[in-house]
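Dear colleague,

I am handing over the structure that we spoke about, so that you can look through it yourself. Please open it alongside this message, and read the notes below with it in view.

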Amino acid sequence: MAGAATRDLAGSAWPDIPADPLVLVPVGSTEQHGPHLPLSTDTVIAQAVAERAAGVLEARSGGPVLVAPAIAYGASGEHAGFPGTVSIGHDALRTVLVEAVRSLALWAGRVVLVNGHGGNVPTLDAAVGRMRAEGHDVGWTACEVPGDAHAGSTETSVMLHLAPHLVRPFGAVTGDARPLAELMPDLVARGVRAVSPTGVLGDPAGASGERGRVLLEAMVAAVVRRIGGGRADARGRLVPSSPGEGP
């Protein structure tokens with residue numbers, strides 16, 4: 001089990017699967033990310049974080065780590081006002097996560113869901129909490145760093161690093177740059193389009209691939225700390241092994 005190719009679950013044959021591996025499952029979405037980023041943004045980022053985290057974890061522990069195919073549809077109802085968004089809602093997503101974990105548990109030693117979309121959080125809490133109550137060794141963690149909320153400088157920078165060919169010009173793109181806590185009541189009541197006609201919550205100005213590289217490395221390091229720490233809260237969210245270790 002050495003090398004990125006062997007960590008790809010979808011590209012493996014069943015005799016390639018080692019005993020009791022750690023399996024990382026990227027969880028993303030198909031939703032609008034402004035006029036400049038692809039609908040796959042959350043999925044691309046979750047996949048990249050999972051793949052890089054798998055490499056680090058495998059190198060540190062020597063144990064096998066696999067990356068499953070990403071779950072590319074999430075709970076994105078707040079983005080329903082924009083063409084292209086495909087949301088399966090909380091109930092369907094919860095069923096997908098529960099059944100995926102039950103199936104993986106038949107041969108995997110541990111399962112970690114690596115989430116790239118904030119709208120999935122309530123469903124992850126519910127699904128993972130239920131799976132842990134059933135006795136499965138499962139947890140979840142998020143791809144997150146401090147920054148703007150949606151399709152602003154943070155996500156634009158990461159996508160410029162990961163997939164610059166998918167990023168459209170954004171020099172004239174504007175959004176609502178108020179803090180998420182201030183935006184949340186309107187977002188919940190009326191959806192993203194009512195708050196920001198462009199779909200951007202933040203400001204992509206100043207985004208760069210180099211900043212995206214730094215942000216991605218921070219995401220990966222945080223995910224590795226949480227998975228390596230092996231601790232989870234009551235909802236199944238992985239937490240650092242000690243309070244001083246950061247996000």
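This is a predicted model: local features need pLDDT of at least 70, side-chain atom pairs count only at pLDDT 80 or more; totals for chains, interfaces and linings use all residues.

The largest pocket

The largest pocket holds about 1,100 Å³ of space. It is lined by 45 residues, and those closest to its centre are His 117, Gly 118, Gly 119, Ala 149 and Leu 180. Sorted by class, the lining of the largest pocket comprises 22 nonpolar, 14 polar and nine charged residues. At least two lining residues come from each of helix H1 (41-61), strand E4 (138-142), helix H4 (153-162), helix H5 (180-190), helix H7 (209-229) and strand E6 (238-239), and among these H5 gives the most, with four residues.

On the H1 side the contact is made by Thr 41, Asp 42, Val 44, Ile 45, Ala 48 and Arg 52, which meet Glu 155, Val 158, Met 159 and Leu 162 in H4. By class, the contact of H1 with H4 has six nonpolar, one polar and three charged residues.

H1 also packs against H7, here at an angle of about 55° and with the axes 9 Å apart, which makes H1 oblique to H7. The crossing of H1 and H7 is right-handed. From H1, the residues Ile 45, Ala 48, Val 49, Arg 52, Ala 53, Val 56, Leu 57 and Arg 60 meet Leu 216, Met 219, Val 220, Val 223, Val 224, Ile 227 and Gly 228 in H7. The contact of H1 with H7 divides into twelve nonpolar, one polar and two charged residues.

The remaining pair to describe is H4 and H7, whose axes lie 7 Å apart at an angle of about 100°, and the two helices are therefore roughly perpendicular to each other. In H4, the residues Ser 153, Thr 154, Ser 157, Val 158, Leu 160, His 161 and Leu 162 meet Gly 209, Arg 211, Gly 212, Arg 213, Leu 215, Leu 216 and Met 219 in H7. The residues of the contact of H4 with H7 divide into six nonpolar, six polar and two charged.

With best wishes

Notes:
Residues are numbered from 1 along each chain as its sequence is written. Side-chain values use heavy atoms; hydrogens and water are left out. On a 1 Å grid over the protein atoms alone, a cavity is a set of points where a 1.4 Å probe fits but cannot get out, and a pocket is an open set with protein on both sides within 12 Å along at least five of seven lines; lining residues have an atom within 4 Å of a point. Grid points are joined across faces, edges and corners, and a volume is the space filled by probe spheres set on the points. Ala, Val, Leu, Ile, Met, Phe, Trp, Tyr, Cys and Pro count as nonpolar, Asp, Glu, Lys and Arg as charged, and the others, Gly among them, as polar. Contact means heavy atoms within 4.5 Å. Axes are lines fitted to C-alpha atoms, for helices over the stretch in contact, and angles run from 0 to 180 degrees between N-to-C directions. Angles under 35 degrees count as roughly parallel, over 145 as roughly antiparallel, 65 to 115 as roughly perpendicular and the rest as oblique. A crossing is left-handed if the near helix is turned anticlockwise from the far one by less than a right angle, and right-handed if clockwise.
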